Amino acid sequence: TECVSGCVCPEGLFDDGRGGCVEQKDCPCIHNNELYSSGDKIKVDCNTCTCQKGVWKCTDNVCYGTCMIYGSGHYNTFDGKFYDFDGSCEYVATQDFCGDKNSSGSFSIITENVPCGTTGVTCSKAIKMFLGKTELKLENKEYKEIQRDVGDDVQYWNRTVGLYLVIEASNGVMLIWDKKTTVFIKLSPDYKGKVCGLCGNFDDKANNDFTTRSGLQESNPLNFGNSWKQSPMCPDVTQEIKPCDLKPHRKSWAEKECSIIQSEVFKICHSKVNPLPFYEACVHDACSCDSGGDCECFCSAVAAYAQECIKAEACVFWRTPDIC
């Protein structure tokens, strides 16, 4: 307990939790088990919080939402729900064509998933982005533009940032692609509660993200994922694949490699972003990519955690000449 008065400190002063006695105006604040002095600022998503007399005072900007799809079928929705779905088909990642049939939307993002490895798990091979009458197809490390006859004109810009290709559109949609199996979709706050697809509905509640195409709430990720396939010809996914059970000889290698996520290298991040789902996803991927691309799957899985760390203001330097 920080900043309590009691028999520890003289009248009018408070125990600051660090073994000292301070006036109330100098009380520290706590965030992720770290103490911050009065006047210190931290960033939480797109807001800045300032420590004042032991209490955080934060700005209340409405932030962009981010959905992440990476590796062999891992999804983290706009509202932060983690799940796995391995379907071999094209699926709606997110779109604003939701609800009644005649409602118009301005964009749709489709992910084409194909098997990676022999265990049956799938990776995103290509992304299609529909912006008004423009269709962009991202595949084989590059993108093509196709103009269609129907739809509005939506402007977009592309640029390369480090490993990533970034496509930003004038309607508040942004796509960040690592030219392999990772894609981040960022949406402006105007879309809150107005989107649907595998990335959920972006209404700040994670418990209703499994809303199917017909608007029903599902608890099972497989039924939810199947409802968002683009072609009725694709088979439904009926069971969850556990690649480490199918390839037990790879399991100990996978656990050893992926342990970097829970190691000292990422220590600064552990209190800010829970490493466990990322570690489990990493082991899953390292077991499953057994037809070449071993390192690509492992590296993408670690990079996904590193990316979340950077978003939480924890800078990590994990790539070395030996690792990725």
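The tour below visits a sheet and then a loop residue.

Before you click, note that this is a predicted model, where local features need pLDDT of at least 70, side-chain atom pairs count only at pLDDT 80 or more, and totals for chains, interfaces and linings use all residues. Residues are numbered from 1 along each chain as its sequence is written, and side-chain values use heavy atoms, with hydrogens and water left out.

Strands here are DSSP runs of E with at least two residues, numbered from the N terminus, and two of them pair if DSSP finds at least two bridges between them. You now have an open, antiparallel sheet of three strands in the order β5-β6-β7. Click K41 and look across to its bridge partner in β6, T50.

**Stop two: D178**

Next, select D178, in the loop between β18 (173-177) and β19 (183-187). Is D178 buried or exposed? D178 is buried, meaning under 20% relative accessible area (1.4 Å probe, protein chains only). What lies by its side chain? The backbone nitrogen of K180 is 2.7 Å from a polar atom of the D178 side chain, and the backbone nitrogen of T182 is 3.0 Å from one.

Finally, show L163, Y164 and S300: leaving aside neighbours within four places in sequence, D178 is in contact with these residues (heavy atoms within 4.5 Å).

Key. Helix = DSSP H or I, 4+ residues; strand = E, 2+ residues; numbered from the N terminus. Buried < 20%, exposed > 50% of the residue type's maximum accessible area, 1.4 Å probe, protein only. Lys, Arg positive; Asp, Glu negative; His and termini not counted. Salt bridge = Lys/Arg side-chain N within 4 Å of Asp/Glu carboxyl O. Polar contact = N/O pair within 3.5 Å; in protein donor to acceptor, adjacent residues only side chain to side chain.
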